[in-house]
Amino acid sequence: MTLKIEFRHQLPVGTTLANRHYDPSDDDVRSILSDACQIIGSNGQFLISGFGQDRWPLDVETDLLTLLEELPSIIRKIDESGSCTIHLYEQGVERSIELIPSSGTYIAICSSGTDWQPNPRCEKIGHSELQSMLVEVQDEFMRAFTSIGP
């Protein structure tokens, strides 16, 4: 099994994000992302498979939000063929995927903070495949966000 990361959604026509005031002293981009993930969550799926598990126990409202917060820096690191880590720290998931470049591919090393243990712990994924997969998650989120934006 190879690492796969996907985001899918089927938003009903007319689904919109409430037009609310964000206070710069209390809110930042995470506030906007959180509101969007709450709206998209009931009509979306955030999927990760790999390391011996076909479907990780993830949701849009918390786990996709967690990934979105660090996705731009992860994509930048992958663009530069650098190492980085995906952190999925929500209670019940508590996993990380360390991504280490190696001769045109990446070695993905999964760690778990729960009773679940990855098997295998390491997987290989092509550099361009990894990059495309992560950019597609970002692009698909932006399509959903654009469709619900006030």
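**View 1. Helix α1 and the elements around it.** Helix α1, residues 29-41, contains 13 residues and reaches 18 Å from its first C-alpha to its last, close to the 18 Å expected at 1.5 Å a residue; the expected span is 1.5 Å times one less than the number of residues. The model is predicted: local features need pLDDT of at least 70, side-chain atom pairs count only at pLDDT 80 or more, and totals for chains, interfaces and linings use all residues. Residues are numbered from 1 along each chain as its sequence is written, and side-chain values use heavy atoms, with hydrogens and water left out. Helices (H or I, at least four residues) and strands (E, at least two) are DSSP runs, numbered from the N terminus. Buried residues of α1 are Ser31, Leu33, Asp35, Ala36, Cys37, Ile40 and Gly41, where buried means under 20% relative accessible area (1.4 Å probe, protein chains only). These buried residues pack against β1 (4-9), β2 (44-49), α2 (60-79) and α3 (127-148).

**View 2. The crossing of α1 and α3.** The axes of these two helices come within 10 Å and cross at roughly 85°. That makes α1 roughly perpendicular to α3, a term for angles of 65 to 115 degrees. Axes are lines fitted to C-alpha atoms, for helices over the stretch in contact, and angles run from 0 to 180 degrees between N-to-C directions. Ile32, Leu33, Ala36, Cys37, Ile39 and Ile40 of α1 meet Phe141, Ala144, Phe145 and Ile148 of α3, contact meaning heavy atoms within 4.5 Å.

**View 3. The surroundings of Cys37.** Cys37 is found in helix α1 and counts as buried because its relative accessibility is 0%. Leaving aside residues up to four places away in sequence, Cys37 touches Val60, Glu61, Leu64, Leu65, Leu68 and Phe141. The C-alpha atoms of Cys37 and Leu65 are separated by 6.5 Å, although these residues lie 28 residues apart along the chain.

**View 4. Strands β3 and β4.** Strand β3 (residues 84-88) pairs with strand β4 (residues 95-102) in the antiparallel sense over five bridges; two strands pair if DSSP finds at least two bridges between them. Ile86 stands opposite Ile97 in β4. Six residues lie between the strands of this hairpin, in which Gly92 takes a positive phi near 100°.

**View 5. Strand β5 and its partners.** Six of the eight residues of β5 (residues 105-112) are buried, so this strand is largely enclosed by the rest of the structure. β4 and β5 pair in the antiparallel sense over eight bridges, with Ser102 opposite Thr105 in β5. β5 also pairs in the antiparallel sense with β6 (residues 122-126), over five bridges.

Terms used: Buried means under 20% relative accessible area, exposed over 50%, partly exposed in between (1.4 Å probe, protein chains only). Angles under 35 degrees count as roughly parallel, over 145 as roughly antiparallel, 65 to 115 as roughly perpendicular and the rest as oblique.
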